[in-house]
Amino acid sequence: MAEKTFHCSVVTPERAILETDGVTFVALPAHDGEQGILRGRAPLLCQVGIGVLRVETAEKRHLFYVDRGFAQMVDDRLTVLTEAARSPTELELEHVEAELQAAKELPIQGGESLWVDDRMLAIQRATTKLRVANEKED
């Protein structure tokens, strides 16, 4: 099985979140859509958006809320550098629900793009955290 696995690191400015071998699959939220990663993937450098990072090994599935950054896959080593990452156990459901309510109460700013709007970004962050908080790790 080891020949079908790769190494994955998830790092924030504060700490290393995950450092593991034996990864069989990663789904990461690239800025332009979800990106699936398997062993043997061509070199990749992409911008990470706000979303759910899923790292699967033969034994376990790790889920994280991630908030922007970069991912690089080279020589069967995936490195995800992100501004923030939280596991389901680090997200308190009541706190995240309050964050979502506060985001919905922010004023609508308009502008050239919905993603420039602080309100839309806050809602996206809170709904993604809520999705992760409601998940249980295998």
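A residue is called buried when its relative accessible area is under 20%, exposed when that area is over 50%, and partly exposed in between, as computed with a 1.4 Å probe on protein chains only. By this scale Arg-68 is partly exposed, with a relative accessible area of 34%.

The structure is a predicted model, in which local features need pLDDT of at least 70 and side-chain atom pairs count only at pLDDT 80 or more, whereas totals for chains, interfaces and linings use all residues. Residues are numbered from 1 along each chain as its sequence is written, and side-chain values use heavy atoms, with hydrogens and water left out.

Helices (H or I, at least four residues) and strands (E, at least two) are DSSP runs, numbered from the N terminus. Two strands are said to pair if DSSP finds at least two bridges between them. Strand β1 pairs with β2 in the antiparallel sense over 5 bridges, and a hairpin of 4 residues connects β1 to β2. Within this pairing, Phe-6 has Val-23 of β2 as its bridge partner. Strand β1 also runs parallel to β6, to which 5 bridges join it; here Val-11 stands opposite Leu-81 in β6. Of the 6 residues of β1, 5 are buried, and the strand is thus mostly covered.

Val-23, located in strand β2, is buried, with a relative accessible area of 0%. Contact means heavy atoms within 4.5 Å. When residues up to four places away in sequence are not counted, Val-23 touches Lys-4, Thr-5, Phe-6, Cys-8, Val-55, Glu-56 and Thr-57. By comparison of position, the C-alpha atoms of Val-23 and Leu-100 are separated by 32 Å, and these residues lie 77 residues apart along the chain.

A nonpolar core is a set of buried Ala, Val, Leu, Ile, Met, Phe, Trp, Tyr and Cys residues joined through side-chain atoms within 4.5 Å. In soluble globular proteins, nonpolar side chains tend to be buried together. The largest core in this model has 22 residues, of which Val-10, Val-26, Leu-28, Ile-37, Leu-53 and Leu-78 touch the most other members. Two or more residues are given to this core by each of β1 (6-11), β2 (16-30), β4 (44-57), β5 (61-74) and β6 (77-82). Strand β2 supplies the largest share, 6 residues. The contacts of Leu-28, apart from residues up to four places away in sequence, are Gly-33, Glu-34, Gln-35, Ile-37, Cys-46, Val-48, Val-52, Leu-53, Ala-71 and Leu-78. A second, separate core of 15 residues includes Val-52, Val-96, Leu-121 and Val-132.

Arg-125 belongs to helix α2 (residues 118-133) and is buried, with a relative accessible area of 18%. A polar contact is a pair of N or O atoms within 3.5 Å; within protein, one must be able to donate a hydrogen and the other to accept it, and residues adjacent in sequence count only if both atoms are side-chain atoms. The side chain of Arg-125 makes such a contact with the side chain of Asp-67, at 2.6 Å. Beyond neighbours within four places in sequence, Arg-125 is in contact with Ile-50, Tyr-65, Asp-67 and Arg-68.

Arg-68 itself is found in strand β5. Most residues other than glycine have a negative phi. Arg-68, although not a glycine, has a positive phi of about 60°. Asp-76, in the loop between β5 and β6, likewise has a positive phi, near 60°.
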